Amino acid sequence: MEQAPPDPERRLQPAPLEPLGHPDAGLEAVVGEEVEGARDEGSGDGTMTENNFWLKKIEISVSEAEKRTGRNAMNMQETYTAYLIETRSVEHIDGQSVLTDSLWRRYSEFELLRNYLLVYYPHVVVPPLPEKRAEFVWHKLSADNMDPDFVERRRIGLENFLLRVASHPILCRDKIFYLFLTQEGNWKETVNETGFQLKADSRLKALNATFRVKNPDKRFTELKHYSDELQSVISHLLRVRARVADRLYGVYKVHGNYGRVFSEWSAIEKEMGDGLQSAGHHMDVYASSIDDILEDEEHYADQLKEYLFYAEALRAVCRKHELMQYDLEMAAQDLASKKQQCEELATGTVRTFSLKGMTTKLFGQETPEQREARIKVLEEQINEGEQQLKSKNLEGREFVKNAWADIERFKEQKNRDLKEALISYAVMQISMCKKGIQVWTNAKECFSKM
């Protein structure tokens, strides 16, 4: 994956989905009115103009999480968690901040937004959402998705998701993303009106393309293999971390027995009593410190989990490429078949067995007029097929170009983030060891004074 991709012009590749028209074509004007106090006409092409690139001007945060009860689509009562999204302008007019907004969203609405982005931007490595239920956690943490500690970690993950989208050079300009941040009522209806569900590829079609594509692009095959390996490696790393955390938790808590024993011992000693009592206190502090340490460590684990889920985002780009390559090959095969039929009709020879050839033998030859009519229809279909194939090739090259540009951007982000997370994890372990050394140093001083 680290090698630079070959020139996409060297291969014929399938094409990206054409962007559909978005609702609220005047959104640029809305942004301009809120930020600058002036209303301009928008282009209506689904993106925001550079002049109104408002995401460079606001801060986004998921500041609160709240447990709520309501009724679902089946009119059954359910308990869920809602998250408060706040946006605040970082620019000021006459000393006052503008463009402030806040609204509540459920986790399912974040899922809807991401599913929309996956369909509309198939060449983009769309940022993943945090896990819906906790995995790879040390035993003391609850896996319940309503647990306050888990909800807090998911709140941080949802905020990170929004910041990832807001910092992406393509996704940040999407109007639906803007409406997600600013339009509380009828947002779901607005998304559904885009018809993105109809554009979503079925799993059966994706599976069919995976096994039947004849000329897969080696670059995307290697990328798919890399994503599988990345997911496997990070999964193993998280499992090891969880086991280490469990054992550390046990070791630290066992040190609490020192405190109890030293306290009992101090009761029967006169000269040694104070020293034993103080040493026992240090042991109690040491034993209780592991709770905060491992809870902080979970945040580093969540950073690794993000890239565990990013692996699936990489595979989504690969699957889209396979589908487009498969469609391209089917179009080429259909065109070749029509050309052969046209040639056979023109020359009166049949190279391969066909139902039409068998029918001709049984019921007689076609009249010259019938043959000419069929040839004319086939020539029209061949012309349309050639134009379609040419269009698919041109669009396919554009897809490959855009996909690899985003993959390169993702690689830089991945290397930077994982390096930072692993260094922070090592620093935290060093800090934990230093605290342990300090506890035993204090205990040594207590023993020395006895």
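Reader: Let's start with I170. Which residues does I170 touch, leaving out those up to four places away in sequence?
Author: This is a predicted model, to be clear. In it, I170 touches Y121, H123 and V124, once residues up to four places away in sequence are left out.

Reader: And where is I170 found?
Author: In a loop. That loop runs between α3 (148-167) and α4 (175-182).

Reader: What about D406? How far apart are I170 and D406 in space?
Author: They are 9.5 Å apart, C-alpha to C-alpha. In sequence, 236 residues separate them.

Reader: New topic: R155. Where does R155 lie?
Author: R155 lies in helix α3.

Reader: Buried or exposed, that R155?
Author: Buried. The relative accessible area of R155 is 14%, and buried means under 20%.

Reader: So what does R155 touch, not counting residues up to four places away in sequence?
Author: V62, S63, E64 and A65, plus Y83.

Reader: Switching to the surface. Which residues form the negative patch?
Author: E369, E372, E379, E380 and E384 form a negative surface patch.

Reader: Take E372. Which helix does E372 lie in?
Author: E372 lies in α12, which covers residues 368-448.

Reader: Why is E372 called exposed?
Author: Because its relative accessible area is 52%, and exposed means over 50%.

Key
Residues are numbered from 1 along each chain as its sequence is written. This is a predicted model: local features need pLDDT of at least 70, side-chain atom pairs count only at pLDDT 80 or more; totals for chains, interfaces and linings use all residues. Side-chain values use heavy atoms; hydrogens and water are left out. Helices (H or I, at least four residues) and strands (E, at least two) are DSSP runs, numbered from the N terminus. Contact means heavy atoms within 4.5 Å. Buried means under 20% relative accessible area, exposed over 50%, partly exposed in between (1.4 Å probe, protein chains only). Patches are made of residues with over 30% relative accessible area and no salt bridge: like charges are joined within 9 Å, nonpolar side chains (Val, Leu, Ile, Met, Phe, Trp, Tyr) within 5 Å. Accessible areas come from the Shrake-Rupley method with a 1.4 Å probe; for residues, only the protein chains shown count as cover. A salt bridge is a side-chain nitrogen of Lys or Arg within 4 Å of a carboxyl oxygen of Asp or Glu. Lys and Arg count as positive and Asp and Glu as negative; His and the chain ends are not counted. The place of a charge is taken as NZ of Lys, CZ of Arg, CG of Asp or CD of Glu.
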